[in-house]
Amino acid sequence: MTERSTGSVDTAREALSSSRQLARRVRHAQRGTWFPLVLLGLVIAAAAPFYRLGRHVVTCDPALGARGGVQIIDGGACVQVVGWPVGIYWIVAFVLAYAAIAAFYVYRARNRGVGARVLPYVGTGIATGLVLGIASAWSQQLDIVGYFPTGPVAVGMVPLISIGLALFVLARVERNWPLVVFTTGYLVVALLASGIGTRRPGVSVGAGLGPMWGFLPGLVVACGVLLLGGVGFALAERRRGV
């Protein structure tokens, strides 16, 4: 009787262990973390010309401070920042990027026979991207400029934060704890690039580039973090043989 009970317990343990291993393999097969990281990193890199396109040196009296639009006073020069070029870019880029991510996960699910419910991530990414992108690019017209960081580096960088917020949803969808850790680090970088939590708005390394190109280091750092993260997750996936 005792031997029969012991055998039943061992069989149950083996079945439970096999079930857990199978569930873990399915979760790994559902993941495609590297693709959104790499794609969104490239989207950030492609935003640079639009930030530069929206910056113009204008004639003004630096002593009077910023007025007549979003203006940066730097070394006696006045730079007016027009938000619509980069605002339009983020709207189009977010919609196309998240549509591509959705298509990637659908293709992956059909190819492997298992898939993740990626629509919450795609919906969150588009919604937060559009809201923060529009609010950042047209903050003055919407009379909410006081809620966003300003300065040579920070203007219009808030959409970077939306990428991090949406990645938390992807981590939940994929049950991916390494992605939670990575996203936390990326979000800190995005907040610094957006000028939040720093004494001087923006990442300080950008101040040396002046108001016309001061945004560039923030974009490069945020882009680099996502690209390196994408490569890391791709290598981990390959090592597992998924």
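1. Start with helix H5: Tyr121, Val122, Gly125, Thr128, Gly129, Leu132, Gly133, Ala135, Ser136 and Ala137 are its buried residues. Keep in mind that this is a predicted model.

2. On geometry, H5 covers residues 119-137, which is 19 residues. From first C-alpha to last, H5 reaches 26 Å, close to the 27 Å expected at 1.5 Å a residue.

3. H6 turns up again in a pairing with H7. Helix H6 runs over residues 159-174 and helix H7 over 177-193, and the two pack with their axes 8 Å apart at an angle of about 170 degrees. That angle makes H6 roughly antiparallel to H7, because anything over 145 degrees counts as such.

4. What does the H6 and H7 contact consist of? On the H6 side you'll find Leu160, Ile161, Ile163, Leu167 and Phe168, among others. H7 contributes residues including Leu179, Val180, Tyr186, Leu187 and Leu191. By type, the residues of this contact divide into 15 nonpolar, 3 polar and 1 charged.

5. Is Asn176 buried or exposed? With a relative accessible area of 2%, Asn176 is buried, because the cut-off is under 20%.

6. Now for the surroundings of Asn176. Its side chain makes a polar contact with the side chain of Thr33, at 3.2 Å. Leaving aside residues up to four places away in sequence, Asn176 touches Arg31, Thr33, Ala171 and Phe233. Of these, Ala171 is also one of the H6 residues that meet H7.

Technical notes
Residues are numbered from 1 along each chain as its sequence is written. This is a predicted model: local features need pLDDT of at least 70, side-chain atom pairs count only at pLDDT 80 or more; totals for chains, interfaces and linings use all residues. Side-chain values use heavy atoms; hydrogens and water are left out. Axes are lines fitted to C-alpha atoms, for helices over the stretch in contact, and angles run from 0 to 180 degrees between N-to-C directions. Helices (H or I, at least four residues) and strands (E, at least two) are DSSP runs, numbered from the N terminus. Angles under 35 degrees count as roughly parallel, over 145 as roughly antiparallel, 65 to 115 as roughly perpendicular and the rest as oblique. Contact means heavy atoms within 4.5 Å. Ala, Val, Leu, Ile, Met, Phe, Trp, Tyr, Cys and Pro count as nonpolar, Asp, Glu, Lys and Arg as charged, and the others, Gly among them, as polar. The expected span of a helix is 1.5 Å times one less than its number of residues. Buried means under 20% relative accessible area, exposed over 50%, partly exposed in between (1.4 Å probe, protein chains only). A polar contact is a pair of N or O atoms within 3.5 Å; within protein, one must be able to donate a hydrogen and the other to accept it, and residues adjacent in sequence count only if both atoms are side-chain atoms.
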